[in-house]
Amino acid sequence: MSTTFDYLDRLEAEAIHILREVAGQFERPALLFSGGKDSIVLTRLAEKAFRPGRFPFPLVHVDTGHNFPEVLQYRDQLAAQLGEKLIVRKVEDTIKRQRLREPGGKYPSRNPLQTYTLLEVIEEFEFDACIGGARRDEEKARAKERIFSVRDEFGQWDPKRQRPELWNIYNGRIQKGENVRVFPISNWTELDVWRYIQRENIPLPDIYFGHERTCVVLPSGQLLGLSEHLQLDEEDEIVTRQVRFRTVGDSTCTAAVESDAATVEDIIQDLLLAKVSERGATRLDDNISEAGMEDRKRNGYF
Amino acid sequence: MDLLRFITCGSVDDGKSTLIGRLLYDSESVSLDVLAALEKRQASGGVVDLALLTDGLRAEREQGITIDVAYKYFTTPRRKFIITDAPGHVQYTRNMVTGASNADLAIVLVDARQGVIEQTRRHTLIAALLGIRHFVLAVNKMDLVNYEEAVFARIATDYAELTNHFHLPAATAIPLSALQGDNVVKPSQHLPWYTGPSLLEHLETVPGAVETAAAPRFQVQYVIRPQTPELPDYRGYAGQILSGSYHRGQRVRVLPSGLESEIEAIEVNQQEVETATAPQAVVMRLRDDVDVSRGDALVLAGPEAPTLTRELEATLCWMSEQPLWPGRKLLIQHHSALAKAAVPAILYKVNVQTFGRIHTEQAQLNDIVRVRLKTALPLALDLYQENRATGSFILVDELTGDTLAAGLVEAANAEYFTAPVAPPVAFSI
């Protein structure tokens with residue numbers, strides 16, 4: 001007898017296996033939850049891995065203070081509905097405590113500051129493993145990262161000293177102070193995530209679907225949703241457009257795409273025709289330099 | 001739609017990264033913004049260097065070589081692909097082993113001007129050792145030999161001799177030029193004498209990952225015990241079916257304890273199912289309240305049971321700068337089972353060009369050696385050649401936690417206290 005599984009079945013089985021290895025190998029893991037589609041998919045996979053028991057980890061949100069309100073609302077709702085513990089730590093508090101400089105400029109991004117709060121929350125709860133929804137198709141430095149990615153006590157990633165990762169055997173042994181970042185959906189692409197959301201009928205925050213929004217037109221032509229955090233001047237062009245978001249980051253550095261997509265099926269059709277990658281279309285902070293992501297990851301960024 | 005995981009191997013400068021870049025580019029899997037970023041780097045203008053699509057690290061771009069494994073993804077209407085781009089340098093053999101451990105197929109690249117060289121043999125033998133059964137010989141840079149049929153034919157023959165000699169599966173040979181895009185995705189008019197499929201066409205039609213009828217293997221990763229008022233006594237053994245199938249009602253034996261029970265239920269996403277097959281992630285419940293914990297295996301009793309042993313012989317790919325010496329203590333991780341282990345003896349080092357045996361006192365980084373291993377706990381093992389899932393393990397440094405070696409079980413000795421008692425032998429003097 002031989003059986004062929006659909007590729008989504010295989011990706012799902014691999015991710016559940018990884019989540020259970022985290023539960024089996026670590027004492028104090030956490031699931032980093034942003035309210036975005038990738039971390040939402042992780043919570044569905046965790047249900048499949050651990051129900052009827054509870055999750056062997058809390059959900060942890062590093063709140064930059066620049067989030068979309070719809071996403072925060074979804075986050076609280078989902079945590080309540082799952083009956084799992086949600087820990088929220090605010091970048092705002094880290095800025096005060098560590099006397100960090102607030103970012104300036106027209107589009108002040110707190111993205112680089114998230115790392116400080118993340119390292120603080122890891123230290124506070126002594127997390128030895130942090131599960132995240134990063135995917136290798138997002139960016140070329142991510143394409144190099146292992147599924148179990150060991151970080152030193154400063155949260156740093158050293159791409160030259162990565163452990164070999166063989167078969168589906170994951171080595172999570174670390175020394176005190178170190179932690180492991182775990183990426184169960186490493187092998188998924190943006191399209192896989194959407195097809196899984198469709199198959200599993202997973203509800204998402206509204207901002208993923210086409211809606212009318214007042215936006216600022218950036219010099220690149222990208223559209224940024226209007227928010228109180230932007231420092232606009234008179235020349236800025238303000239428009240109202242039918243948009244949706246491909247990714248959910250900070251409202252100050254996540255651009256919207258024009259779209260009428262009302263359903264997950266519409267979004268998948270959009271994606272099949274899209275000529276621009278997820279990060280290219282939406283992130284303002286990756287284009288700083290050729291090695292922007294690699295450098296941030298070396299410093300402890302997710 | 002099904003999935004094919006493949007690895008590209010071959011020497012430095014054979015054009016592996018360019019070939020992957022070409023596959024992605026010609027199958028329209030590269031986004032416009034990613035291309036724009038490449039063009040920006042190409043200050044001099046001209047043709048975009050497709051190799052830059054895969055070399056993602058600063059050091060790789062500086063040196064123009066691939067150091068670490070990169071994973072790339074693309075989908076055609078017929079199939080989804082995961083590409084493992086492994087480095088060609090001899091000093092990164094351990095990363096090649098990393099890539100090969102998860103691949104269903106290997107593309108072995110050869111430079112048409114060079115033909116079959118040492119690194120071709122080395123990578124072919126390592127890929128075969130790791131259990132890859134589908135090989136493609138990609139004869140690249142055909143544009144630099146005037147697309148001559150005779151050059152291709154000679155290399156294909158040389159390679160066939162290599163695979164014959166080592167009893168390896170036959171390879172499908174394809175002439176192409178990654179740089180020019182000949183025969184990678186689209187057939188090329190420069191190669192009118194070649195009537196076979198393009199590389200992509202072959203990748204789309206070769207058999208993919210199919211579960212064969214291997215003996216059933218399941219290892220417990222995590223015990224689910226809700227201990228709620230509704231489920232006070234629920235105890236589920238969560239894990240992935242590593243090979244074969246399990247059915248509700250089957251009699252199973254817990255290893256290493258040897259206790260037996262019956263599968264009361266198999267759950268997939270909290271739904272009870274009659275049967276589950278590898279690679280499904282499931283929760284098993286047993287009829288009796290036997291002691292089962294992480295690392296234990298649930299298997300069917302009988303001739304298909306794995307060997308339970310504390311002594312084995314294995315091939316190791318040594319991956320650490322610290323050498324392995326006889327007597328060294330370390331940890332063995334066999335999926336979710338972890339035990340202390342020692343290497344009493346290094347039997348020999350494998351010459352990866354000839355598969356011949358070389359005497360050695362120590363194993364150094366990137367060496368492939370045959371060793372004897374002893375473990376502190378009995379492990380439920382299969383031979384790697386019979387079961388890739390349960391014949392594989394890693395060795396770990398107890399102090400640093402580093403992964404030291406990839407291990408393939410070559411022979412396992414049933415331990416005296418678990419082996420059936422031999423019938424008394426009558427003999428006369």
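Reader: Contacts in chain A between residues at least 6 apart in sequence: what share join residues at least 24 apart?
Author: 75% of them do. Contact means heavy atoms within 4.5 Å. Before we go on: this is a predicted model, where local features need pLDDT of at least 70, side-chain atom pairs count only at pLDDT 80 or more, and totals for chains, interfaces and linings use all residues. Residues are numbered from 1 along each chain as its sequence is written, chains are lettered from A and ligands numbered from 1 in the order written, and side-chain values use heavy atoms, with hydrogens and water left out.

Reader: How is chain A divided?
Author: Into domain 1 (7-193 + 290-299) and domain 2 (207-273). The bounds come from an automatic or database domain assignment. The C-alpha centres of the two domains of chain A are 25 Å apart.

Reader: How much area do domain 1 and domain 2 of chain A bury between them?
Author: About 1800 Å², with 58% of it on carbon and sulfur atoms. Buried area is the accessible area (1.4 Å probe) that two parts lose on being put together, summed over both.

Reader: Which residues of domain 1 lose the most area to domain 2?
Author: Phe68(A), Lys106(A) and Tyr107(A). Together they make up 38% of what the domain 1 side buries.

Reader: Switching to charges. How many salt bridges are there between the domains of chain A?
Author: The count is 2. A salt bridge is a side-chain nitrogen of Lys or Arg within 4 Å of a carboxyl oxygen of Asp or Glu.

Reader: What is the N to O distance for Glu70(A) and Arg213(A)?
Author: 2.8 Å, in a salt bridge between their side chains.
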